[in-house]
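Let's take a friendly look at how a protein packs its inside and what it leaves on its surface. Keep the view open as you read.

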Amino acid sequence: MKRIIYMVLMNLLHAPMWFFTIARMAREEDTRTAAEKYGYISEMVKRINRRGRVTVTATGTEYIPSEDGFILFPNHQGLFDMLALFSTCPRPLSVVIKKEASNWILVKQVLGATNSLAMNRDDIKDQVRIITEVTKLVKSGRNFVIFAEGHRSRNGNEILDFKSGTFKSAVKAGCPIVPVALINSFRPFDMNSLKREEVQVHYMKPILPDQYMEMKTSEIAHLVHDRIQEEINKNLTQNGLTS
């Protein structure tokens, strides 16, 4: 919470301009392309991170498909996750977010500008609606972020089980699945400190449709989960990071 307040104060002069610009981007009549909107938001996020004393480093960006119409599946550590992804992924992203967070100021406008979706996690019908909508949008060339744990992990860099249903959109769309390992993304907002933090984002080789089409969604969930946890463990060991 201390860093969130600090970020707000450090960007107070720019916040009104960002808010009104992104609010305009969210309107249907706005003529900017998805790439232009995303580029603006990405630069905004980079500035917020930098002034918030958070360094975000990324590896594996060469694995991100050059053609749109893919889904990123990262582990979920907290509120900073999307700031890490928006600041490092070069392709436009939309996200599936929990409904209770979708009306927060600026978050609501960013969701609209990125054509993102809010889901009621307690409503089965709404989950089916989101699966259908994501499938349609990915087929049309949108890229999505889906947090397959459903809820953020409270155990640092140890991730929760992945929910098999979150992979239905990818299977139905027949799109590349890109595992993403987030390391220490919980620290900026969970640590009651303003000391400089480093968050790592590791984009991994995509799992292509011909590699998973014969698999059950539960098997895909286990595969992606295990690859991400292995990547996290490897980097924690190599770099002497703490969880």
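Contact here means heavy atoms within 4.5 Å. This is a predicted model, in which local features need pLDDT of at least 70 and side-chain atom pairs count only at pLDDT 80 or more, while totals for chains, interfaces and linings use all residues. Residues are numbered from 1 along each chain as its sequence is written, and side-chain values use heavy atoms, leaving out hydrogens and water.

**Helix α10**
- Helices (H or I, at least four residues) and strands (E, at least two) are DSSP runs, numbered from the N terminus.
- Helix α10 covers residues 217-239.
- Its buried residues (under 20% relative accessible area, with exposed over 50% and partly exposed in between; 1.4 Å probe, protein chains only) include Ile220, Val224, Ile228 and Leu236.
- The buried residues of α10 pack against β2 (71-74), α7 (168-173), β6, β7 and α9 (209-212).

**Nonpolar cores**
- A nonpolar core is a set of buried Ala, Val, Leu, Ile, Met, Phe, Trp, Tyr and Cys residues joined through side-chain atoms within 4.5 Å.
- The largest has 36 residues, and Leu72, Leu85 and Leu93 touch the most other members.
- Among the elements giving two or more residues to this core are α3 (34-51), β6 (177-183) and β7 (197-203).
- A second, separate core has 30 residues, including Leu117 and Ile228.
- Not counting residues up to four places away in sequence, Leu93 touches Tyr38, Phe70 and Val145, among others.

**Near the start of the chain**
- Isoleucine 5 lies in helix α1 (residues 2-10).
- Isoleucine 5 counts as partly exposed because its relative accessibility is 46%.

Methods
The expected span of a helix is 1.5 Å times one less than its number of residues.
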